[in-house]
Amino acid sequence: MDAFYASVELLRYPELRGAPVVIGGGSRHQPEESVDPETGGTVRRFARLADYVGRGVATTATYEARALGVHSAMGLMKAARLAPEAYLLPTDFVAYGQYSRRFKAAVRTIAPRVEESGIDEIYIDLTNVGLPPDVSVADETAPAARERARRVAKSIKDVVRAATGLSCSIAVTPNKLLSKIASEFGKPDGLTVLFVEEIPARIWPLPARKINGVGPKTAARLESLGVTTIGEMARADPAWLVENFGKSAGAWMHEAANGRDERPVVTESEPVTISRETTFERDLSAQRDRAELSAIFTELCHDLAGDLQRKGYVGRTIGVKVRYGNFKTLTRDRTILEPTQDMVAIRRAAGECLKRVPLERRIRLLGVRISGLCRREDVVPRVPYAAEPESDWTLSLFDDRSPG
């Protein structure tokens, strides 16, 4: 999806279209609305980056703001120096989740084999989609395949726009690695079809860091060795890459640079972790807002247990996530003896984790998670070494510890 969070916000505030907009403010940056006494229409006053003071970071930005140098994860104070007149809007992850589900459901009406890769990105298996019934993939000519790819991609773009009002960029290529790279071509609203024989002309001139998995450190190391483009990496001696980057990474880099990727589109997979978290409308204090935090903490544990029960999983490693008002995030985990999906057991273990989190600063986000998952029916009962006393959940630091 194109500038997904920002695009969702522009549906809500169409008067900002064409302007630099940064998403990442808190609730205090909600637009102020008033009624025009002459027209009776709603007038909105938006916060500007120039007025921002704090240590927040940009979640995303419109393409107009990106043209001024603003990008995701950039500190808002730095962004304000680059684009002081840009508008600042608060994040609304509930709305982004709703639009994410809409666009994915729309895609599945055309191509049901979908692998989710995040809130705004998916991989789609189009091998047989739109193929005439009397034609096999093996018999399809290259011109026919190219025409089919464009036709199907255009149909997907159309249904996504109809379902969400938003644009997306699609790349149809032989594999996931190439599609990830080529989906950036022509953004926003791009449509790219790329065949293997086009890799030297269209992929190799790109910087090596455009390969998903080549991070800043690897790219800097490559550059220090005289390799700056994907093509230079593709033409490098595989043994040289292994010597400099290790057996596994070096071999992968050579394959990736040559556009080879055998990973299938995975439509179903066992979850690694299940979590529940919430971001508060205002930062809360563990001292002054103890009752509210305790209720939220209990509700998160209750909802997490419900998720496990509905999906048929149990887990052993329970953890908490706390994000402070300055966006610093801490996590703590605890592994229990028996896999569980019980709310009381989850809250007890999560409460123990919470004891290891400093709570002097105000809290922006609170989350509870569970990992080490397995199917409930696959659990082998543990034989205890001795009688183990039952207990209620351990009081967390959010609970009232006063007598009575």
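**Terms and their grounds**

Tutor: Strands S1 (residues 21-25) and S5 are joined by two bridges and pair in the antiparallel sense, and in S5 the bridge partner of Val 22 is Ala 61. The model is a predicted one, in which local features need pLDDT of at least 70 and side-chain atom pairs count only at pLDDT 80 or more, while totals for chains, interfaces and linings use all residues. Residues are numbered from 1 along each chain as its sequence is written, and side-chain values use heavy atoms, with hydrogens and water left out.

Student: What makes S1 and S5 a pair?
Tutor: Two strands pair if DSSP finds at least two bridges between them, and S1 and S5 have two bridges. Strands here are DSSP runs of E with at least two residues, and helices are runs of H or I with at least four, numbered from the N terminus.

Student: Why are S4 and S5 called edge strands?
Tutor: The open sheet of four strands has the order S4-S6-S1-S5, with mixed pairing, and strand S4 (47-48) and strand S5 (60-61) each pair on one side only.

Student: Why is the packing of H12 and H13 called oblique?
Tutor: Helix H12 (residues 290-311) and helix H13 (residues 343-354) pack at an angle of about 130°, with their axes 9 Å apart. Angles under 35 degrees count as roughly parallel, over 145 as roughly antiparallel, 65 to 115 as roughly perpendicular and the rest as oblique, so H12 and H13 are oblique to each other. The contact, meaning heavy atoms within 4.5 Å, involves residues including Phe 297 and Leu 308 of H12 and Ile 346 and Leu 354 of H13. By class, the contact of H12 with H13 has nine nonpolar, four polar and one charged residues.

Student: Why is Leu 82 described as partly exposed?
Tutor: Buried means under 20% relative accessible area, exposed over 50%, and partly exposed in between (1.4 Å probe, protein chains only); Leu 82 has a relative accessible area of 39% and is therefore partly exposed. Leu 82 is found in helix H3 (residues 76-82) and, leaving aside its neighbours within four places in sequence, is in contact with Leu 68, Gly 69, Val 70 and Met 74.

Student: What makes strand S14 mostly covered?
Tutor: Eight of the nine residues of S14 (residues 363-371) are buried. Eight bridges join strand S11 (residues 273-284) to S14, the two running antiparallel, and strand S12 (residues 313-324) also pairs with S14 in the antiparallel sense, over eight bridges.

Conventions:
Axes are lines fitted to C-alpha atoms, for helices over the stretch in contact, and angles run from 0 to 180 degrees between N-to-C directions. Ala, Val, Leu, Ile, Met, Phe, Trp, Tyr, Cys and Pro count as nonpolar, Asp, Glu, Lys and Arg as charged, and the others, Gly among them, as polar.
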